[in-house]
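Open the model in your viewer and keep the selection tool at hand.

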Amino acid sequence: MNNVNICLLTEDPRAYKEFMQAKPAHWTVYPDITLQEINAFRHKKGNRASWATRNTKGRAGLVALGSLLVAMEANLFVLTTKSNWSTMMNHLRTNIIDPRCGNCTQAIGL
């Protein structure tokens, strides 16, 4: 089997853990830096971006933009349709990247 490289953009530690447990052995997963840098500053009850941003003195926003730039280098996407972040990524993909590369990307919506 060919090696598969995955950039997993999630800020949810549970989603990361479940993905890692379910992935095939030949997949190499590169986790979102948010898991490493920002989760320690997250509110314990839910995703409160403003709380994390305040507690990281804005670093949470910078990390999010960095993750977005990395994501926009991909050509295959699996997006969660209920996520505002995924929706934004899909709009960037379909309205900016695809017109410039001749529809070189594909997405699956969950």
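Begin by selecting Val78, Ile108 and Leu110, which form a nonpolar patch on the surface with about 330 Å² of accessible area together. Patches are built from residues with over 30% relative accessible area and no salt bridge, where nonpolar side chains (Val, Leu, Ile, Met, Phe, Trp, Tyr) are joined within 5 Å and like charges within 9 Å. Accessible areas come from the Shrake-Rupley method with a 1.4 Å probe, and for residues only the protein chains shown count as cover.

The model is predicted: local features need pLDDT of at least 70 and side-chain atom pairs count only at pLDDT 80 or more, while totals for chains, interfaces and linings use all residues. Residues are numbered from 1 along each chain as its sequence is written, and side-chain values use heavy atoms, with hydrogens and water left out.

Stay on valine 78, which is in strand 3 (residues 76-79). Helices (H or I, at least four residues) and strands (E, at least two) are DSSP runs, numbered from the N terminus. Valine 78 has a relative accessible area of 57% and is therefore exposed; the classes are buried under 20%, exposed over 50% and partly exposed in between (1.4 Å probe, protein chains only).

Next, select Leu68, Ala71, Met72, Phe77, Leu79, Met89 and Ile97: these 7 residues are the largest nonpolar core. Helix 4 (59-71), strand 3 and helix 5 (84-101) each give two or more residues to this core. A nonpolar core is a set of buried Ala, Val, Leu, Ile, Met, Phe, Trp, Tyr and Cys residues joined through side-chain atoms within 4.5 Å.

What does leucine 79 touch? Leaving out residues up to four places away in sequence, the list is Ser86, Met89, Asn90, Ala107, Ile108, Gly109 and Leu110. Contact here means heavy atoms within 4.5 Å.

From that list, pick asparagine 90, a residue of helix 5. Asparagine 90 has a relative accessible area of 27%, so it is partly exposed. Beyond four places in sequence, asparagine 90 is in contact with Leu79 and Ala107.

The structure holds 1 salt bridge, the term meaning a side-chain nitrogen of Lys or Arg within 4 Å of a carboxyl oxygen of Asp or Glu. Arginine 93 counts as buried because its relative accessibility is 9%; aspartate 98 counts as buried at 6%.

Two loop residues come next. Lysine 57, between helix 3 (49-55) and helix 4, has a positive phi near 55° without being a glycine. Asparagine 103, in the loop between helix 5 and strand 4 (106-109), has a positive phi of about 60° and is not a glycine either. Lysine 57 counts as exposed at 79% relative accessibility, and asparagine 103 counts as exposed at 59%.

Finally, zoom out to the chain, which has 5 helices and 4 strands in the sequence pattern β-α-β-α-α-α-β-α-β. Buried residues make up 23% of its 110 residues.
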